[in-house]
Amino acid sequence: MYRWFHQLGSPPTFYKWSGQWLPWLTFVCITLFVVGLYGGLVYAPADYLQKDSFRIIYVHVPAAWMSMFVYVVMAFSGAIALIWHIKLSEIMMLSSASIGASFTFIALITGSIWGKPTWGTWWEWGDARLLSELLLLFLYIGIIGLYSAIEDKRKAAEAVSILALVGIVNIPIIHYSVIFLNTLHQGPTVSKFDSPSIETSMLIPLLIMALAFKLFYIIVLLMRSRNELLWRERRSQWVRNIIKGTGNV
Amino acid sequence: MYEFLHMGGYGGYIWSAYGITAIVLTLSIVLPIIQSRKNHKRIEHMLEQEQD
């Protein structure tokens, strides 16, 4: 197990392995998106209270879940990079930041669009869920900005890891804000496992979309990590072999 | 078809939410692909210069 892990952490092995997996992941991801979109937009019945407007849930909730999930992955990769100086985990942390920011942006915008017909307002400054999610977007942007602002990239990666770790306190705040704090935002629909307050025909497309978003993240993470890895290792023999097309990674 | 696009009067909200999501996700995929091509060209160029 350790050996397998160690091998995967070696740049050429990671590059080769991820290149083999990407087409399959992309195929499964597209299939999930097609099925999930059909389920969400056509198959699921309209909500008795929110009518058809609830269908925004199928992009809003997966994006919001991923905005938090990616942050946790990013902060852990940062911690591993800080402690063990593993190059690949540093790269994964950096590659996660921009896609995490994209998911957060989607969650905020679609939430705002959903808020208009449901609450009668695009945005509410007093709402804890909305503010903590906005803070998450600023954290992602801050991390991207901080990394590009510091010349010495080793120091930059360290600073970014620390910022990511500090910012992780925001994640439980986002999650519990709808339970403990007074907000406009509705409570959780799915995570009450014993009795989820959502119809099965509505829930299944949501879970499929959530899986599609998760695969999407993995695909983008692999693509970005491969780019960064190839560039950082551009002087090494294995990169030469790839560029020259001699195949042997 | 009209009914599907109309979404019981919420069409504007739903399609703009899905449209923005599609744009952001497409960009997230396209940008790394462009970056990858750029990297390959730059490294190829670097290797050519070495040979001279």
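Select V30(B) to begin: this residue is partly exposed, at a relative accessible area of 34% (buried is under 20%, exposed over 50%, partly exposed in between, with a 1.4 Å probe and protein chains only). V30(B) sits in helix α2 of chain B, residues 11-51 (helices are DSSP runs of H or I, at least four residues, numbered from the N terminus). A quick note before moving on: this is a predicted model, where local features need pLDDT of at least 70 and side-chain atom pairs count only at pLDDT 80 or more, while totals for chains, interfaces and linings use all residues. Residues are numbered from 1 along each chain as its sequence is written, chains are lettered from A and ligands numbered from 1 in the order in which they are written, and side-chain values use heavy atoms, leaving out hydrogens and water.

Next, bring up both sides of the interface. Chain B puts 29 residues into the contact and chain A puts in 40 (contact means heavy atoms within 4.5 Å). About 3000 Å² is buried between the two chains, with carbon and sulfur atoms giving 78% of that; buried area is the accessible area (1.4 Å probe) that two parts lose on being put together, summed over both.

Which side chains meet in a salt bridge here? Pick E50(B) and R240(A), at 2.9 Å, N to O (the cut-off is a Lys or Arg side-chain nitrogen within 4 Å of an Asp or Glu carboxyl oxygen). The count between chain B and chain A is one salt bridge. On the chain B side, α2(B) supplies the largest share, 25 residues.

Over to chain A for two backbone stops. Most residues other than glycine have a negative phi. K51(A), though, has a positive phi near 55 degrees; find this residue in the loop between α2 (11-43) and α3 (57-84), partly exposed at 42%. H85(A) also has a positive phi, about 55 degrees, and lies in the loop between α3 and α4 (87-119). At 60% relative accessibility, H85(A) counts as exposed.

Last stop: P12(A), in helix α2 of chain A.
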